[in-house]
Amino acid sequence: MTRPTRHAQAMALQGHRAGFISRVAADAIDLGVVWAIGLSVLLFAGVVRYLLAVGPFQLPVLPSWQLPAGGAVIAVAYLTSGWTSTGRTVGKQVAGLRVADRSGRRLPIGRALVRAVLYVLFPAGLLWVLVSHRNASVQDLIVGSAVTYDWRYHPPDESPASG
């Protein structure tokens, strides 16, 4: 459970569109989470290989194209699952942000997947927030999403607009 927000500034921002710095901070945390997941996968593969084969423990050495491809797959899966379940990833939770459609409901899985793929393939689209009067990234414009300040808890089966 979460307690009500006590800070007047935070309450004043509740429901407003998130700005560039808040979104970059959340995305930096999410990048760290994706990196940690990728490292965990490599460690798990190394342990499995060590247990099944004779020899010293070592991390798998991947071809140069597999690291970015694997990272992209992990990032898309991580972002999609966060945006469709609670509207948040770890970074968005820490920054007090939520991703939803323009009416405040959670993104359906298809739209969340497209948004995640667009973010991974074209991260510079976030820069559009700096000139958009609605604080929308290119990805938000294409998918019809919005990132707002929201410190309230919404269970995965409850839409923020209805809660």
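Colleague: Neighbours within four places in sequence aside, which residues is Ser 137 in contact with?
Modeller: Contact means heavy atoms within 4.5 Å. Leaving out those neighbours, Ser 137 is in contact with Arg 23, Tyr 119, Gly 125, Leu 126, Trp 128 and Val 129.

Colleague: What pLDDT must side-chain atom pairs have to count?
Modeller: Residues are numbered from 1 along each chain as its sequence is written, and side-chain values use heavy atoms, leaving out hydrogens and water. This is a predicted model: totals for chains, interfaces and linings use all residues, local features need pLDDT of at least 70, and side-chain atom pairs count only at pLDDT 80 or more.

Colleague: Is Ser 137 buried or exposed?
Modeller: Ser 137 sits in the loop between H5 and H6. Under 20% relative accessible area means buried, over 50% exposed, and in between partly exposed (1.4 Å probe, protein chains only). Ser 137 has 0% relative accessibility, so it counts as buried.

Colleague: Which side chains make polar contacts with the side chain of Ser 137?
Modeller: A polar contact is a pair of N or O atoms within 3.5 Å; within protein, one must be able to donate a hydrogen and the other to accept it, and residues adjacent in sequence count only if both atoms are side-chain atoms. One partner, at 3.4 Å, is Arg 23. Another, at 3.3 Å, is Gln 139.

Colleague: Where is Asn 135, and what is its phi?
Modeller: Asn 135 lies in the loop between helix H5 (109-121) and helix H6 (138-143). Most residues other than glycine have a negative phi. Asn 135 is not a glycine, yet its phi is positive, about 55°.

Colleague: What pattern does the protein follow along the sequence?
Modeller: Helices (H or I, at least four residues) and strands (E, at least two) are DSSP runs, numbered from the N terminus. The protein has 6 helices and 2 strands. Read along the sequence, the pattern is α-α-α-α-β-α-α-β.

Colleague: Which backbone oxygens does the side chain of Arg 106 reach?
Modeller: Arg 106 is in the loop between S1 and H5. At 12% relative accessibility, it counts as buried, and Trp 83 touches it. At 2.9 Å, a polar atom of the Arg 106 side chain lies from the backbone oxygen of Ser 85. At 3.5 Å, the side chain reaches the backbone oxygen of Thr 86.

Colleague: What is the relative accessible area of Phe 44?
Modeller: Phe 44 is in helix H2 (residues 20-52). It is exposed, because its relative accessible area is 59%.

Colleague: How much of the accessible surface belongs to carbon and sulfur atoms?
Modeller: Accessible areas come from the Shrake-Rupley method with a 1.4 Å probe; for residues, only the protein chains shown count as cover. The protein's surface comes to about 9,700 Å². The share of carbon and sulfur atoms is 70%.
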